[in-house]
Amino acid sequence: MPTTTVLFDLFHTLTGLESQWCELPFTYAVLGVDRKAWDRLITTGSRWRLAGEERDPRCILARLAREIDPAISDAVIEEAAQIRSGRFRGAMQRIPPENVETLKRLRGAGYSLGLISNADCSEIAFWKESPLAGLFDAEVFSCEAGCVKPEPQIYHKCLEALGRRPEECIFIGDGGSNELAAARQIGMRTVFISGVLGELWPEKVAERMEVADHHITWIPELLPLLGVASQPA
């Protein structure tokens with residue numbers, strides 16, 4: 001069955017390099033905690049926030065920070081919450097223009113587009129300010145859906161909204177949260193994108209390539225993969 005629909009992850013897939021989100025410091029640095037401990041917590045240790053069980057940005061950050069260091073002060077939490085908000089605003093606003101153009105080229109070629117993102121409410125608070133907003137036929141954010149990748153329900157919510165079957169879709173992502181393996185398990189083709197991941201966790205690239213049908217480095221490489229011209233005819 002031909003591919004008619006392209007589903008995207010958001011963070012580390014359509015967003016730019018984290019070092020270019022904004023000029024503000026990384027959250028773990030403001031908190032004074034170990035980066036590896038912070039990364040583990042936000043990627044695999046906090047389903048509660050991704051599923052929207054807590055929706056207050058400061059409370060989210062306080063709970064995350066104090067799981068690593070219970071002695072972190074309220075003042076540091078407050079400062080870090082404001083900075084984290086600024087970083088995610090930058091992430092939403094500074095989407096690489098070539099990624100936006102690629103989505104527009106796919107739409108122009110007749111593809112339906114969907115978005116499936118693991119994100120807490122503070123991370124997508126500025127979504128409407130993003131140049132990506134309005135480019136998708138269906139958007140599913142975990143904090144609104146109440147389910148998270150790699151749970152099959154979150155994929156099916158997007159498929160239902162689009163009126164598509166898995167075999168009609170191809171899923172694009174950096175592979176976090178086992179999203180590629182889960183997408184394949186329900187019947188989608190998958191594309192692993194490694195460009196942003198290579199800046200953060202280069203040691204993870206090889207293992208994630210193994211669970212994808214295709215590998216690209218940057219979003220514009222989707223166009224030749226799907227047989228779409230990079231420029232209007």
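Because the model is predicted, local features were considered only at pLDDT of at least 70 and side-chain atom pairs only at pLDDT 80 or more, whereas totals for chains, interfaces and linings use all residues. Residues are numbered from 1 along each chain as its sequence is written, and side-chain values rest on heavy atoms, with hydrogens and water left out.

The structure contains 19 salt bridges, a salt bridge being a side-chain nitrogen of Lys or Arg within 4 Å of a carboxyl oxygen of Asp or Glu. Arginine 47 and glutamate 151 form one of them, with an N to O distance of 2.8 Å. This pair joins distant parts of the chain, 104 residues apart, since arginine 47 belongs to helix α3 (residues 47-50) and glutamate 151 to the loop between α7 (142-145) and α8 (152-162); helices (H or I, at least four residues) and strands (E, at least two) are DSSP runs, numbered from the N terminus. Arginine 47 is partly exposed, at a relative accessible area of 36%, where buried denotes under 20%, exposed over 50% and partly exposed the range in between (1.4 Å probe, protein chains only).

Helix α3 also carries arginine 49, whose side chain meets that of glutamate 123 in a salt bridge of 3.0 Å, N to O. Glutamate 123 lies in the loop between β2 (112-117) and β3 (138-141), so the pair ties together parts that are 74 residues apart in sequence. Both partners are buried, glutamate 123 with a relative accessible area of 6% and arginine 49 with 2%. Arg49 and Glu123 belong, together with Arg84 and Asp120, to a network of salt bridges.

On a 1 Å grid over the protein atoms alone, a pocket is an open set of points where a 1.4 Å probe fits, with protein on both sides within 12 Å along at least five of seven lines, and lining residues have an atom within 4 Å of a point; the volume is the space filled by probe spheres set on the points, which are joined across faces, edges and corners. Of the 46 lining residues, Asp39, Ile42, Thr43, Ser177 and Trp201 are the closest to the centre of the pocket. Helix α2 contributes the most to this lining, with eight residues.

The largest nonpolar core comprises 53 residues, among which Phe8, Leu132 and Phe136 have the most contacts inside the core; such a core is a set of buried Ala, Val, Leu, Ile, Met, Phe, Trp, Tyr and Cys residues joined through side-chain atoms within 4.5 Å. Helix α5 gives the most to this core, with seven residues. A second, separate core of 25 residues includes Cys158, Ile186, Met188 and Leu197.

Histidine 215 is located in strand β6 (residues 214-216) and is partly exposed, with a relative accessible area of 35%. When residues up to four places away in sequence are not counted, histidine 215 touches Phe192, Ser194 and Met209, contact being defined as heavy atoms within 4.5 Å. The C-alpha atoms of histidine 215 and arginine 55, which are 160 residues apart along the chain, are separated by 35 Å.
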